[in-house]
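Please look over the sequence and the structure shown here before reading on.

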Amino acid sequence: MKGLTDMVKQAQQLQAKMAALQEELGHRTVEAASGGGMVSVMVNGKQEVLSLAIEPEILKDEDPELIQDLILAAVNEGLNRSREMVQNEMKKLTGGLSIPGLM
């Protein structure tokens, strides 16, 4: 029975560590850009886009399709980097063990 008690304690500790990590990741950010930095985004570890910056000179081109493509590219790259950051931190927490539903 002691083995089961130890496993439950370890699971509770892991759960507490994961909750703390999720809170921390909400405050950590990654940045991504497209168009040589003409469009940039900042995304947090909760995959929320926090900011979007567009260089004014690109707006002068008056090519809405180009601007839309650059925004999409920057946002998608930011979200990918955010997911990678979360996955890397989760791997550190779990010792590389893949636990279904966590990543």
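**Briefing on the predicted model**

V30 is found in strand 1, which covers residues 29-34, and with a relative accessible area of 14% V30 is buried. The C-alpha atom of V30 is separated by 12 Å from that of N76, a residue 46 positions away along the chain. All of this is read from a predicted model, in which the mean pLDDT of the protein chain is 87 and 91% of its residues reach 70 or more.

**Confidence**
- Within the protein chain, confidence is highest in strand 2 (residues 39-44), at a mean of 97, and lowest in helix 1, at a mean of 82.

**Surface patches**
- A patch of negative charge gathers on the surface from E55, E57, D61, E62, D63, E65 and D69.
- One of these residues, E62, lies in the loop between helix 2 (56-59) and helix 3 (64-94), and E62 is exposed because its relative accessible area is 68%, where exposed means over 50%.
- L4, M7 and V8 make a nonpolar surface patch of about 290 Å².
- M7 has its place in helix 1, which spans residues 2-25, and M7 counts as exposed at 56% relative accessibility.

**Salt bridges**
- Side chains of opposite charge can pair when their charged atoms come close.
- The count of salt bridges comes to four.
- The side chains of E77 and R81 meet in a salt bridge with an N to O distance of 2.9 Å, and both residues lie in helix 3, four residues apart, which is about one turn of the helix.
- E77 counts as partly exposed at 31% relative accessibility, and R81 likewise counts as partly exposed, at 36%.
- R28 forms a salt bridge with E24, in which the closest N and O atoms are 3.5 Å apart; R28 is partly exposed, with a relative accessible area of 28%, and E24 is partly exposed, with 40%.
- K92 and E89 meet through their side chains in a salt bridge of 3.1 Å, N to O, and because they are three residues apart in helix 3, they are separated by about one helical turn.
- K92 counts as exposed at 62% relative accessibility, whereas E89 is buried, with a relative accessible area of 14%.
- Salt bridges that share partners join E24, R28, E89 and K92 into one network.

**A backbone detail**
- Q47 has a positive phi of about 60 degrees although Q47 is not a glycine.
- Q47 lies in the loop between strand 2 and strand 3 (49-54), and at 30% relative accessibility Q47 counts as partly exposed.

Terms used. Residues numbered from 1 in each chain as written. Predicted model: local features only at pLDDT ≥ 70, side-chain atom pairs only at ≥ 80, totals over all residues. Heavy atoms only, no water. Patch = residues over 30% accessible without salt bridge, like charges linked within 9 Å, V, L, I, M, F, W, Y side chains within 5 Å. Areas by Shrake-Rupley, 256 points an atom, 1.4 Å probe, with all protein chains shown as cover. Lys, Arg positive; Asp, Glu negative; His and termini not counted. Charge placed at Lys NZ, Arg CZ, Asp CG, Glu CD. Helix = DSSP H or I, 4+ residues; strand = E, 2+ residues; numbered from the N terminus. Buried < 20%, exposed > 50% of the residue type's maximum accessible area, 1.4 Å probe, protein only. pLDDT = per-residue confidence, 0-100.
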